[in-house]
Amino acid sequence: MAFVQFSKVSLAFGDRDILKNVTVNLQTGTKAALTGANGAGKSTLIKIMAGLVAPDSGTRSTQKDARIAYLPQSGLTHHGCTLKEEADRAFQFGYDMQKKIDRIGDELQKNPSNMQSLLEQHDALLTKLEESGWYRREAQAESVLLGLGFSREDFDKQTELFSGGWQMRIALAKALMQNPDILLLDEPTNYLDLEARTWLEQFLQNYKGGFLLVSHDRYFLDVTINEVYELFGGDLKRYPGNFSHYEKVREVELQTLIAQYEQQQQEIQHLEDFITRFGAKATKAAQAQERQKMLDKMVRIEIPESLKKIHFTFPKAPHAGHLVLRTHGLTKSYDGSHAVIDNLDLTLENGERLVVVGRNGAGKSTLLRMIAGVDTAYTGEIVPGAGVQIGYFSQDSAETITGTESIVDYIENEAPLELIPKVRDMLGAFLFRGDDVFKSLQVLSGGEKSRIALLQLLLRPINLLILDEPTNHLDMHSKDVLMQALKDFGGTVVFVSHDRGFIEGLATRVLELKPGLYREFPGDYTYYQERIQAESEGVVPSVEQTKISDVTIEQPTNKAGQLSWEEEKKLKAERRKKEKEVERLEAEIAQVEQQQKELEQKLADPVVYSDGAKSAAVQKQITQIQEKLNDLNEQWEQAAEALS
């Protein structure tokens, strides 16, 4: 069994202890997450595990010839070859091993005295090479690249032509292709869409080696890991179970600490208030100085940022009508021949939270830019409802954040008067905590500017939010705070996100885009997933994708003999209800038919049919099942007739 072990590892940056006598053992079969507040040292610990950073003290030991693959958060680029050639470099270990095998083979031909030892080495290397999957490398490379969202047309494309996000996908693909004994992945989902994340989830669920992940995607962790290591104050502690279980256990565990923290915060506030009020008065100066000494000597209690209760709400959304926005015949093409969005008709109603899903290139961001009015080079109509005020966020919004003022001054200048007292909490929710709020705008990273741009948008009184990847650069706690604020938001939200947990918690309706096609799902993301899964398994019939150019929604009209918009909407709602009832019955019929089949197989078992009592009991169950099936079929016929 391969392993990498760390014993009493310590590391300090100046007077700050990043790691204090950390001990951890990763081995074949390990499925673990590494968590901790931003700045706790997670990436540093992973680099030590990968052998890239030396600790101040402690030991790192690995099994001989154990292979470890490491993926950093960002910064990797590839050039000088095609994607297929770059992928083949992931198998360099196999080429090196093959050279050793060939050298031993040459030695064996000379009939050496240590032939037995060489034969054992030769056999061990051949076995290891076979187990590594090296002989299946071409199929493995194709499977991984396609799973992570590359197309076969990409295989012969030069790697330098891929953008930064796709460069990191190449790096992730290479790490997975190596099939190492231990995988160390630092934020592997940062640049993946939902489809690629789902593929990676399945890959890791079936992975035979061990892995350690850092991720801010709770759903991704819940379905891939079975233990959590928390790095807090330099100490590392293990918690068995998935991530949600860790959060529950940790919250209970820290209740006493949180109470002590809150009590200390009150004490600090009282001391600071006294010093502020009386520090300049001669009669109270000595007492103020004494309290300052108490404050300086106080050992501050720390709790993880994820357990600090932060909450904020949007300014009240301006009043808007029931119909927020409609598109009619919306079409967008970048080259004049291939339509990214083709004749799309869409209706948004007040209070909806619509998530737009689809693979990269399906037109999600394009659609959001058009709705927001940023992209006007299209045909068709976008008609906002009465009183609609749009706010738009994308990763490009960071480019508008310039200047030399501090973060807190910038946000306070942008905030309406009633929100100024809450600015510090809001900044904390977006990961600007402590002295970070005094950083100058000009020294901020792209990710930090994106967070400010998102917060800046949320300060404005708007009633239609258009959000393109709002959770990028946010940790789990910040995502939770943002999601709750959006749930409480009194307006309408249209968003794109690759964070499944965020989508499941927020979306009330799903729009699926494919090139030239779309489908609308009048339910949350869980319903959407269940419907797609049921169709793929044949439990419910697969509905053909709607060709956008074939779909027409009549404009509201009051002409004689024609339906009004409200009447038409009511009819459509009734039809959707009937469709869902047909789907429910079809699923139940399939389940009951399976039960009947299992009972009939049981009745054919000699142990059953040779025993009169057992046979009679099974036959009675079959009769009951058949009666239930007849009743369900009758209900289905009535429902299907009502739908036609």
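**Sheets, strands and charged pairs in a predicted model**

Good morning. Glu 504 has a relative accessible area of 27%, so this residue is partly exposed.

Where in the chain do Arg 500 and Glu 504 lie? Both belong to helix 17, which covers residues 500–506, and they are four residues apart, about one turn of the helix. Arg 500, for its part, has a relative accessible area of 15% and is therefore buried, because the cut-off for that class is under 20%.

As background, side chains of opposite charge can pair when their charged atoms come close.

In one of them, Arg 197 forms a salt bridge with Asp 217, and the closest N and O atoms are 2.5 Å apart. Arg 197 sits in helix 7 (residues 194–205), whereas Asp 217 is in the loop between strand 7 (210–214) and helix 8 (218–222), so the pair ties together parts that are 20 residues apart in sequence. Are these two residues buried or exposed? Both Arg 197 and Asp 217 are buried.

The other pair is Arg 509 with Glu 352, whose side chains meet in a salt bridge of 2.8 Å, N to O. This pair links distant parts of the chain, 157 residues apart: Arg 509 is in strand 17 (residues 509–514), and Glu 352 is in the loop between strand 11 (339–349) and strand 12 (353–357). Arg 509 counts as buried because its relative accessibility is 10%. Glu 352 is buried as well, with a relative accessible area of 15%.

That brings us to strand 12 itself. Five of its five residues are buried, and the strand is mostly covered. Arg 353, Val 355 and Val 357 point one way from strand 12, while Leu 354 and Val 356 point the other way. Which strands pair with strand 12? One is strand 16 (residues 492–496), in the parallel sense over three bridges. There, Leu 354 has Val 494 of strand 16 as its bridge partner. Another is strand 17, also in the parallel sense, over four bridges. Here Val 356 stands opposite Leu 511 of strand 17.

I turn now to two sheets. In general, strands of a sheet pair through backbone hydrogen bonds, either parallel or antiparallel.

Strand 1, residues 3–13, pairs with strand 4 in the antiparallel sense over five bridges, and Phe 6 stands opposite Arg 60 of strand 4.

Another open sheet is formed by six strands in the order 5-6-7-3-8-9, with mixed pairing. Its edge strands are strand 5 (68–71) and strand 9 (235–240), each pairing on one side only. Neighbouring strands of this sheet are, on average, turned by 15° against each other, direction ignored. Strand 5 and strand 6 (residues 182–186) run parallel and are joined by four bridges. Within that pairing, Ile 68 has Ile 182 of strand 6 as its bridge partner. Helix 6 (residues 164–177) packs on the sheet and touches strand 5 and strand 6, and its direction makes about 165° with that of strand 5.

My last stop is Lys 332, which has its place in strand 10 (residues 323–333). Lys 332 counts as buried because its relative accessibility is 6%. A polar contact of 3.1 Å joins its side chain to that of Asp 375. Leaving aside neighbours within four places in sequence, the residues in contact with Lys 332 include His 338, Val 340, Thr 366, Met 370 and Ala 377.

Thank you for your attention.

Methods. Residues are numbered from 1 along each chain as its sequence is written. This is a predicted model: local features need pLDDT of at least 70, side-chain atom pairs count only at pLDDT 80 or more; totals for chains, interfaces and linings use all residues. Side-chain values use heavy atoms; hydrogens and water are left out. Two strands pair if DSSP finds at least two bridges between them. Helices (H or I, at least four residues) and strands (E, at least two) are DSSP runs, numbered from the N terminus. Buried means under 20% relative accessible area, exposed over 50%, partly exposed in between (1.4 Å probe, protein chains only). A polar contact is a pair of N or O atoms within 3.5 Å; within protein, one must be able to donate a hydrogen and the other to accept it, and residues adjacent in sequence count only if both atoms are side-chain atoms. Contact means heavy atoms within 4.5 Å. A salt bridge is a side-chain nitrogen of Lys or Arg within 4 Å of a carboxyl oxygen of Asp or Glu. Axes are lines fitted to C-alpha atoms, for helices over the stretch in contact, and angles run from 0 to 180 degrees between N-to-C directions.
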